[in-house]
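Please walk me through this model as a tutorial, with the general idea of each feature before the particular case.

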Amino acid sequence: MKFRAIMGALCAAGLMCGVSAVQAAESIEVLHWWTSGGESKAVGVLKDDMTKQGYTWKDFAVAGGAGAAAMTALKTQVISGNAPSAAQIKGPLIQEWASQGVLVPIDSVAGDWKKNLPPQIDKLVQADGHYVAAPFSVHRVNWLYINKAALDKAGGKVPTTWPEFFAVADKMKAAGIQPIAMGGQPWQDLTLWEDVVLSEGADFYKKALVDLDEKTLTSDKMVQVFDTVRKIQGYFDTGRTGRDWNLATAMVINGKAGMQFMGDWAKGEFTNAGKKSGTDFICAVVPQTDKAYTYNVDSFVFFQQKGQKAATPGQLALAKTIMSPEFQEQFSLYKGSIPVRLGVPMDKFDDCAKKSYADEQVAIKAGGYVPSLAHGMAQPDAAAGAISDVVTKFMNSQEDSKTAVQALAKAAKTK
Ligand code: BGC
């Protein structure tokens, strides 16, 4: 059999379509932190896709929600000259890595990205006018997941304001249900805290967490934010120390707890457990944030391999696959997110995703589309880390809110 005939046969068998034998041998090492049930299923789609194209997928998964452990592992790898082919990086960190001169551009596969991405995201995945990151999907952070049976048993209704929320939490408590499932890592504290910041309005959120405006950070409203967080803490169980986010989600899935504040990767867990929105669980927007949308967009960046300044065929194929409409759809169906690529049909998605999509369009037009601080979209690492320390200290001590806002304003100055 001639070479072309062999390749044709392999392609017909669903293997190695359109790649040369040299490319086929390329192995791509991929660093990510998608290790929960829903997350693994979603990244598995990419792995299968790349394997079908003839590449060898070397999985470098570093467990730990929101990626803190993965980012530490990545630094070690790059410093020791063993940068992976691709790594899960997002937000301003993309620019930080690009400025180190260790990334490769992927412009040759990004020809139509500008017209297929929301402008905010299109800007984020470029550095110095070159595309350096491939975006996966949009996660909305300001969600509250509710176990439907728990809500019904407590005789409560879906809360849209904080007073309504506390009323439901009290009812659950009275019915013998743990009102809130909460995990125990700093990023989970920060996720809840930014939800409460958002509940003071998208403009307040932007001034506080995007502009880091000192007046806003020390305002009475910000004192109120910390007071509300303190009150919400009163409904946590005592076992949250060190608990992973997906274990907290599991508590809501199996009815051990009534509610969880979490971004919609949590919905990937409900879906993976065979649960249906509206019947088994409810995806509600965090009280008083219905017009706003905290976005969190995952992406992969691509590292120079063996000192080569250009992307390898495997890296380009990976970037191209990530942005393809078919992959965007299947990945988000498993992940709980919505496609970041515009124009991907939403008909296979559930009500929660459809709501996310509709609310995103409204929020983009009305100025309520804001980057999540807790998920690395709003600030460089240093400032985000310092703010996170303040929030975690507050949530793990008896510090008063006025002291916390002073510490917050100081942390915001961290460069
Ligand atoms: C990531 C999600 C991930 C979640 C929990 C977030 O920061 O953007 O993709 O599922 O962390 O690990």
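Q: What should I know about the model and its numbering before reading it?
A: This is a predicted model, in which local features need pLDDT of at least 70 and side-chain atom pairs count only at pLDDT 80 or more, whereas totals for chains, interfaces and linings use all residues. Residues are numbered from 1 along each chain as its sequence is written, and side-chain values use heavy atoms, with hydrogens and water left out.

Q: Which domains does the assignment give?
A: Domain bounds come from an automatic or database domain assignment. Here that assignment gives domain 1 (2–140 + 296–339) and domain 2 (143–294 + 374–411). Their centres, taken over C-alpha atoms, are separated by 31 Å, and the contact (heavy atoms within 4.5 Å) takes 25 residues from domain 1 and 25 residues from domain 2.

Q: How is a pocket defined, and what volume does the largest pocket have?
A: On a 1 Å grid over the protein atoms alone, a pocket is an open set of points with protein on both sides within 12 Å along at least five of seven lines, while a cavity is a set where a 1.4 Å probe fits but cannot get out; lining residues have an atom within 4 Å of a point. Grid points are joined across faces, edges and corners, and a volume is the space filled by probe spheres set on the points. The largest pocket has a volume of about 590 Å³, and of the 28 residues that line it, A66, G67, A68, A374 and D381 are the closest to its centre.

Q: Which element gives the most to that lining, and how do its residues divide by class?
A: Helices (H or I, at least four residues) and strands (E, at least two) are DSSP runs, numbered from the N terminus. Helix 4 gives the most to the lining of the largest pocket, with five residues. For the classes, Ala, Val, Leu, Ile, Met, Phe, Trp, Tyr, Cys and Pro count as nonpolar, Asp, Glu, Lys and Arg as charged, and the others, Gly among them, as polar. By that scheme the lining of the largest pocket has 15 nonpolar, 10 polar and three charged residues, and it draws at least three residues from each of domain 1 and domain 2.

Q: What lines the second largest pocket?
A: The second largest pocket holds about 410 Å³ of space, and of its 18 lining residues the closest to the centre are A83, P84, Q304, Q305 and K306. Its lining divides into five nonpolar, nine polar and four charged residues.

Q: In what order do the four strands of the open sheet lie?
A: Two strands pair if DSSP finds at least two bridges between them. In this sheet the order is 8-9-7-10, with mixed pairing, and the edge strands, strand 8 (178–180) and strand 10 (281–285), each pair on one side only. Strand 7 (residues 143–147) and strand 10 pair in the antiparallel sense over five bridges, and N147 has F281 of strand 10 as its bridge partner.
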